[in-house]
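Welcome! Take a look at the sequence and structure, then read on.

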Amino acid sequence: MGHLIPPSILPYVLPVLYAVVIVAVLPLLAGYIVLMERKVMADMQARLGPMRVGPHGLLQPIADAVKLLLKEDIIPDKADKLMFWFAPLVSVTMALLAYSALAIGPAFQIADLNIGLLFILAISSLGIYGIVLGGWASNSHYSLLGALRSAAQLVSYETAAGLALISVLLLAGSLSMKDIVQAQSDQGVWFAFSVPFGFFIYLVGSIAETNRAPFDLPEAESELVAGYMTEYSGFRWSLYFLAEYANMIIVAGIATTLFLGGWLRPGARYHEHIPGTAIEWLDALPALLTLGVALYSLSLAPKQPVKIQKIVMLLVAALCLMVAGVLAGALFAPPAVLQGIHGAFWFMAKVFAYIYAFLWIRFTFPRYRFDQLMRLGWRFLIPLALVNVIGVGVAIVLRQQWAWGPIVSLIPTTLGTLGVAMLLAKDDAPVAEAQTADGE
Amino acid sequence: MQTLNQALFIFFAVLAVVSAILLVTRRNIVHGAVFLITTLLSTAGIFLLLEAEFLFIVQVILYVGGIMVLFVFVIMLVNLDDSMRQVQFNRQWFVAGALALVLAAQFLFAIWAGRGALRLPAMAGEISPKNTEAVADALFSHYMLPFEIASILLLVAMIGAVVMAKRRVE
Amino acid sequence: MIPVDYYLFLSLALFTIGVIGVLTRRNVIIMLMSIELILNAVNINLMVFSRMWGSVDGQVFAIFIITDAAAEAAVGLGIILAFFHNRETVLADEMDIMKW
Amino acid sequence: MNTPFFLEHIWLIPLFPLLTAALMLFYGRKLANNVVSYMCAGSVFVSFIFSVGAFFELIARPEGERFFTKMLFEWLPAVPYHMLDGRLAQFVAAWEFQLDPLSAVMILVVTGVGFLIHVYSTGYMAHEGGYYRFFGYLNLFMFAMLILVLANNFLMMFVGWEGVGTCSYLLIGFYFHRKSASDAGKKAFIVNRVGDAGFLLGIFLASAVLGTVRFSDIAPALRAGHFQTGDPWLTAIALLLFVGAAGKSAQIPLYVWLPDAMEGPTPVSALIHAATMVTAGVYMVTRTNAIYQLAPKAMGVVALVGAITALFAATIGVVQNDIKKVLAYSTVSQLGYMFLACGVGAFTAGIFHLMTHAFFKGLLFLAAGSVIHALSGEQDMRKMGALAKRIPVTYWTMLIATLAIAGIFPFAGFVSKDLILGKAYEKDVLLWAIGYFTAGMTAFYMFRLIFMTFHGTSRVDHEVEHHIHESPKSMLAPLVILAGLSIVGGLVSWPEILGGNSHFVHFLEPVVGMAHEGRFEPLKGPSSRMGEINLMLLSEGLVVLGILFAWYLYIKRTELPAKIAKSLNGFYELVYHKYYVDELYDALFVNRAKDLGLALGWFDANVINGVGVDGAGWLTRFVSRASMWWDTWIVDGSVKLGARIVWVLSFPVRLIQDGLVQSYMLFIVIGLIGFLGYYFYLAHHAVH
């Protein structure tokens, strides 16, 4: 724990800077994820989505934020004032606090805890209090039901997700995010490929933890008006909103770090990279991508109906151009800088891909019934995760005793888990209500 | 940095004690639960000061993220409006309080008698970040049997809880 | 450098508060929470002594204690739920049928 | 030697009726009427077939060995006992059937007539309630009667004896809702008890004297015992047995039940109280003739009683108006004839008359039943008349039967009756005179019955008048058959002097002859052929006279009978009221018995119940009160005291255990404080 208590004040500078950046950027990011969500939804439903505010609705998030901030802040009469005020803070605080251990890039990390992963899990698991207390404090049945549901759901799926992560920890042999990424880099394979079932289980579990469709029962519009957020409005509501999307980014980050190789470029070998000489062509990809985006938006600019939109479009083009320049320049910078900048790019790319998967699933699957949800969690995911962990243990033994390759050793595990999954999926017995262990 | 350490300790200690007192005295159980959570979190902080990060995490995940969620859950299941309106302390509260204080006095006397005898070894600036591994080694080598027994205890507790929370089938 | 006594005083304070809570509160749930408080005091002691002797045994025992706390919370809350379903009360001094 | 089928399976003959009887009495309620009738009549018919088979298989044997016994199983184990003369004997009773000419004849009569009457009953009882019950009783009776006649020892015979008694009781009281019927049933039963008592005593004495109850052993026992003729023991046995016989066969003084027995359904009267059961006495006397032949005095008593009964009953029969009553009294007098025959040593003649009587008396009853049926229940002859044209079949059959019973040549009655009279004449003229006169009276009252019923002017009530109808075939067929038997019945023993050879008598000879080679002097035939012829002519003449007299009184001068009745008023009253015998018995026995019963009842109620039972009850109550007091105050008291003490002592502890978890915790804390204080104390001392 020496990092928390350094001998002088100096080492605190960089982390504080990062923290400020994250806290400043995150709301904006959340807003644009919302825009992305709406656009993706519109695309999947063959619509255009927001087009009015800014070119292609690019300014929509800012408009929404302004609207939310200007809205009247209502506190119900019978509500528990203190808790009502306190709950959203808990949510958003915990959501933001979790970022402190997230390694966005090799260097881009607030604190490299040797228990980073556990820390993130712990903090994000505290976020539930925001929901539960808020639902209870607003003194409304919808809210309370939503809160209870989300609590039960979270407790149920944290177990499965945690077990899925453990399989990765066994492979990586460390709790620190950095070391985990490093392990993937060393083993030359992303853990999503070595323990696919772990990845799958964590995907489902993370969707449930963030109360996203098809597991969004705590805020199921059709059943409970808006779940635990029913009585909230204006700024507090936006805090919840922020917390939810922050959580999305967190789980996406965790998944990225643990399964998708973190900041690693596909097929990257940073530790054997000699600066300036061997530039693998993939290193140019980020720059080219952003450049392409820049050119595309530049071409779109004249088509905009209003002058202001033209200007904004040009600004976007300029921004992308700038980023492209940075990315390109990094190629000629020393490896550390290169890793830092490109790592951040790849990380963000993977996170957004993960979030895109979220959206995709949300608009594809219908909502579960609560007992179905619990059955899935307790009777399918958790046993599967257990089998998976055991299999990984076996794989590690194989690897250590008989020196099997990192991928080969895991093939039997995957196959065995697949078989178990078949068996589990086959039995369709009705839920034993005790397993939901709550008042539903 | 000594000052920082002490400041943190005092902060956590005061927070823990105050919220503990509030927990015992508040009428509203949900508030009580929140105060207990606060106490637990500050205790976790104390653990951190004592360089037991793994226990810190365990405290947060298990206690705060698990047990207390269960508490809050049950609190919300059992409707408490009426129990909030009732008298909060039972008949023996005075005797009990007095005796508890007597007990506290005895412990205090014991600690006071042995003050200064105990002191922490000076902390090397950079101690090995291997706390988790150390705990794991002890747990899975020397304390294997208790570990297994604890797992069986958990299993039994789970079954018992399921049985008791089950709806009675009339 | 914080002397061990401070930690002991802290844990003593928590312990006493917990004892008072268990002994005086009528609400069973709060009694359970006070018990958690007592367990925490014990954990603090274990931590500080393990730190003092530089061995992790204390932490291991703390883990066992937390496990125990989890089991106790699960069973206790289960009992409370069952009792509440039958008797519509959570007050300790109304649970007095277990006598001669 | 392998015994032929029917003889081997002789024990099946009683079995068939028993099975159907059990079926009827247990399940009959559920069966349809025609099923019941087919099963019952059928079972009796099967027994009849078996009987015929057994009969012919018996005849097939040579003269000497026409005797067969079939031992089914040992009934009572052998019990050693001392006879009167001190010899040791084994008392053995086996379930053993015997077939000799006598029982062969009996089973033929019983099953044959029984079958006919069953058929008749299916028509007669068609509209009665308790159809299955009636046939169940009837079959049960058949079973008992067959056991009676097939028995080879006194005990088995007694079983059948009591069985037929029971059945007759049940059947007399068949219409139990009619008080007169149930009373008649009781009367029959009780009167029979008297006779049965005698019978039992006779059995005991016989077993004590002869050392056996087995019929086929009696004669050897007699021979072995070197009994003198007129041995007092044998006389006693004979008299006691005769008491039983008199009871069952309605002889003076025990005849009173038979007339009342007419309360039962007419087929019952025909079967039980005319054809079969009432002749059991005669059969029994004949069966034990060996004893009688060594007891001349007893035989004299039998003859005398028989003769007097015959005359006596005939006189009553003359003045009766109920058609069945007339037949009942004629039955009594005919039974008297049979006993007369036995008394004069003509057992074979008695059995012969028994058989013929079974034919024509059964026929008479059935015909009377047909008449009653036609008149829808009317039994008073004064309300009949001129039925000859209306129900011709009944009329002709009944006329034949009347001629038979009157003894008109050549009907069956003529042969048997003249056989008896002839024997009686050789024995004692006085007995013959009584029988002779009785024969005339018989002819008179029987034709009186015929004339009053079928001839003269119709005195039938109007509402009855217009639905007089002939009975159904099922009832007429038995009539016709029995009429035929009544006609030809005599031929089986046609007297030599009329060119016959009395087959039947010779057939029965071995039974009555067995015991007596040497000491037994066979009855001399009539002094001369002329004598016998004369006797026949005399009786025929008297009979014809009686018939003419009846014609004169009840067809020619119908007003005369009333006049006569007036002229000798007292005597008529006396006879009309059956010599007040019933009243006499009531005064002498019945009421005395009632008084005794009352006295015993009083004794029971006051002495036994009052002093004994109530006293014991009072004593028990008293003792129990005392012990209850002891229990409550001493035993319970001590227990409660202990409990109370524990309660009091445990009071402070209970105060502590109040069921509140928190107070327990409080005590934990107190204990903790105590321990800590103790340790500090120790530490303090350790320091110093």
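What percentage of the 440 residues in chain A are buried? Buried residues account for 46% of them, where buried stands for 20 or more other C-beta atoms within 10 Å of a residue's own, exposed for 12 or fewer, and partly exposed for anything in between, with C-beta atoms placed from the backbone. Please keep in mind that this is a predicted model, in which local features need pLDDT of at least 70, side-chain atom pairs count only at pLDDT 80 or more, and totals for chains, interfaces and linings use all residues. Residues are numbered from 1 along each chain as its sequence is written, while chains are lettered from A and ligands numbered from 1 in the order in which they are written.

**Chain A**

- Chain A has 14 helices and 0 strands; helices (H or I, at least four residues) and strands (E, at least two) are DSSP runs, numbered from the N terminus.
- Of the contacts in chain A with a separation of 6 or more, 77% join residues 24 or more positions apart; a contact is a pair of residues whose C-beta atoms, placed from the backbone, lie within 7 Å.

**Where chain C meets chain B**

- Here 63 residues of chain C touch 72 residues of chain B.
- On the chain C side, the elements giving two or more residues are α1 (4–24), α2 (28–53) and α3 (57–87).
- The most comes from α3(C), with 22 residues.
- By type, the chain C side holds 44 nonpolar, 12 polar and 7 charged residues. Nonpolar covers Ala, Val, Leu, Ile, Met, Phe, Trp, Tyr, Cys and Pro, charged covers Asp, Glu, Lys and Arg, and polar covers the others, Gly among them.

**A loop residue in chain D**

- Look for Asp322(D) in the loop between α14 (296–319) and α15 (323–343) of chain D.
- Asp322(D) is partly exposed because 15 other C-beta atoms lie within 10 Å.
- Leaving aside neighbours within four places in sequence, Asp322(D) is in contact with Gln379(D) and Asp380(D).
- Asp322(D) and Gln379(D) are 57 residues apart in sequence, yet 5.6 Å apart in space, C-alpha to C-alpha.

**Two helices in chain D**

- The axes of α17 (residues 392–406) and α21 (residues 473–488) of chain D come within 9 Å and cross at roughly 30°. Axes are lines fitted to C-alpha atoms, for helices over the stretch in contact, and angles run from 0 to 180 degrees between N-to-C directions.
- Residues making this contact include Val393(D) and Ile400(D) of α17(D), and Leu476(D) and Ala483(D) of α21(D).
- The contact's residues comprise 9 nonpolar, 3 polar and no charged.

How values were computed
Two residues are in contact if their C-beta atoms, placed from the backbone, lie within 7 Å.
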